Amino acid sequence: MTVKRLRERQAEATRELLVGIARERFVEQGYKATAMDDIVQRAGLAKGALYHHFSNKDALFKAVYDVVLDETADAVMAAALAEEDPWAAVRAGLSAFLDACLRPAFRRVVIIDSVTVMAARAWDSGTEGVELPMLRTVLTPLVASGALPGVALDALAHLALGGLYGSALYIARADDPQAARAEADAVLDVVLRGVRAATT
């Protein structure tokens, strides 16, 4: 292994360590209560090592956000792709997203704290990151099957994204998230049955 490659691997390991510790602190304490000094201390690193990888706390939060969202997108697409029937695939994929709303990391980082930390970034860059490609993967077989005549895939994906994040906020802010998750599931079933009935 070359010296350059060794340094690259060490830098990657350091970055992963910082993101992992930051994830724990953001989930346990929230963005505002988490201090960069605390993360450095828990990592056993010099402060310069943290700022070599992340310019500020927002940048570190964005890295954690990306990891958590990528994990969720993988779970959603895996659930959808495990189903052969397009309608069942949509149901499974959207349900997997709602399941994620009960997980502490997704609930705190993606749903609650990102609203304030990343609001400006979201408007500037749009949502063409993970969410829309994820939804296109889930919805493409249904649209391609001809089950939704006249419906454009991108329009459907954007509408579904709005509904999912509305549901996510409802679950995350509920006094009883489990009950809210069940209510969102009931709404999802009603919507899917209604759309399916209208197109058959």
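Modeller: Helices here are DSSP runs of H or I with at least four residues, strands are runs of E with at least two, and both are numbered from the N terminus. The model is predicted, so local features need pLDDT of at least 70 and side-chain atom pairs 80 or more, while totals for chains, interfaces and linings use all residues. Residues are numbered from 1 along each chain as its sequence is written, and side-chain values use heavy atoms, leaving out hydrogens and water.

Colleague: What makes Arg42 and Asp38 a salt bridge?

Modeller: Their closest N and O atoms are 3.0 Å apart, and the rule asks for a Lys or Arg side-chain nitrogen within 4 Å of an Asp or Glu carboxyl oxygen, so the pair counts. They're four residues apart in helix α2, so about one helical turn separates them.

Colleague: Why is Asp38 called buried, but Lys47 partly exposed?

Modeller: Buried means under 20% relative accessible area, exposed over 50%, and partly exposed in between (1.4 Å probe, protein chains only). Asp38 has 18%, so it is buried; Lys47, at 42%, therefore counts as partly exposed.

Colleague: Which residue does Lys47 pair with?

Modeller: Asp37, in a salt bridge of 2.8 Å, N to O. Lys47 sits in helix α3 (residues 47–53) and Asp37 in helix α2 (residues 36–43), ten residues apart.

Colleague: How do you know that α5 is largely enclosed?

Modeller: 13 of its 15 residues are buried, so the rest of the structure largely encloses it.

Colleague: What does Asp185 form with Arg91?

Modeller: A salt bridge, with the closest N and O atoms 3.0 Å apart. Asp185 is in helix α10 and Arg91 in helix α5, so parts 94 residues apart in sequence are tied together. Both Asp185 and Arg91 are buried.
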